[in-house]
Amino acid sequence: MPIYEYRCHSCGRRVSLLWRSFSDAERGTPICPRCGGRELTRLVSRVNTVRSEESRLDDLADPSFLGDLDENDPRSIGRWMRKMSQELGEDLGDEFNEVVERLEAGQSPEEIEKEMPELMGGEGDFDSGSDFGIGSVDDDL
Ligand SMILES: [Zn+2]
């Protein structure tokens, strides 16, 4: 479940989207969780001035980093997401933390999505940090 950051052209926010898989992230249409805008630009390298952080991000892309990730095990996904946020050294926000906690408690991403519809958009009640959403692929009708 990769997380990518985007810049929304409609509202100008930096937003984070959680995807179920890397292929979903490539195929899907990123939708701003803040305003529903579809003109999002993926932020590929926002830390290119910090060498050490860059190499840490390289580590995140290293398949061995994903070695113990079982995408069918919510707890494994939760541990991985927590590890990733720690590697980034960045607080990704209350919603992100809640998703991680739910995953670690064994809830499936589908259940979390149902119980936290605000992840899919609507009113955000925090103004700092990044907004967080779950990406969806809408071409599989
Ligand atoms: Zn937006």
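Cys32 is buried, at a relative accessible area of 1%, whereas Cys35, at 39%, counts as partly exposed; here buried means under 20% relative accessible area, exposed means over 50%, and partly exposed lies in between, with a 1.4 Å probe and protein chains only. Please keep in mind that this is a predicted model, in which local features need pLDDT of at least 70 and side-chain atom pairs count only at pLDDT 80 or more, while totals for chains, interfaces and linings use all residues. Residues are numbered from 1 along each chain as its sequence is written, and side-chain values use heavy atoms, with hydrogens and water left out.

Both cysteines belong to the zinc site, where the SG atoms of Cys8, Cys11, Cys32 and Cys35 coordinate the zinc ion at 2.2 to 2.3 Å; donors are N, O and S atoms within 2.8 Å of the metal (3.2 Å for Na, K and Ca), and since water is not among the atoms, sites may look incomplete. Along the sequence, these donor residues follow the spacing C-x2-C-x20-C-x2-C. The site is tetrahedral, with angles of 107 to 115° among its 4 donor atoms, a label that requires four donors with all angles between 85 and 135 degrees.

Let me turn to Ser16, which is buried at 2% relative accessibility. Its side chain makes a polar contact of 3.4 Å with that of Glu5, the term meaning a pair of N or O atoms within 3.5 Å, where, within protein, one must be able to donate a hydrogen and the other to accept it, and residues adjacent in sequence count only if both atoms are side-chain atoms. The C-alpha atoms of Ser16 and Ile3 are 6.5 Å apart, although 13 residues separate the two along the chain.

Terms used
Tetrahedral: all angles 85-135°; square planar, octahedral: opposite > 155°, others 65-115°.
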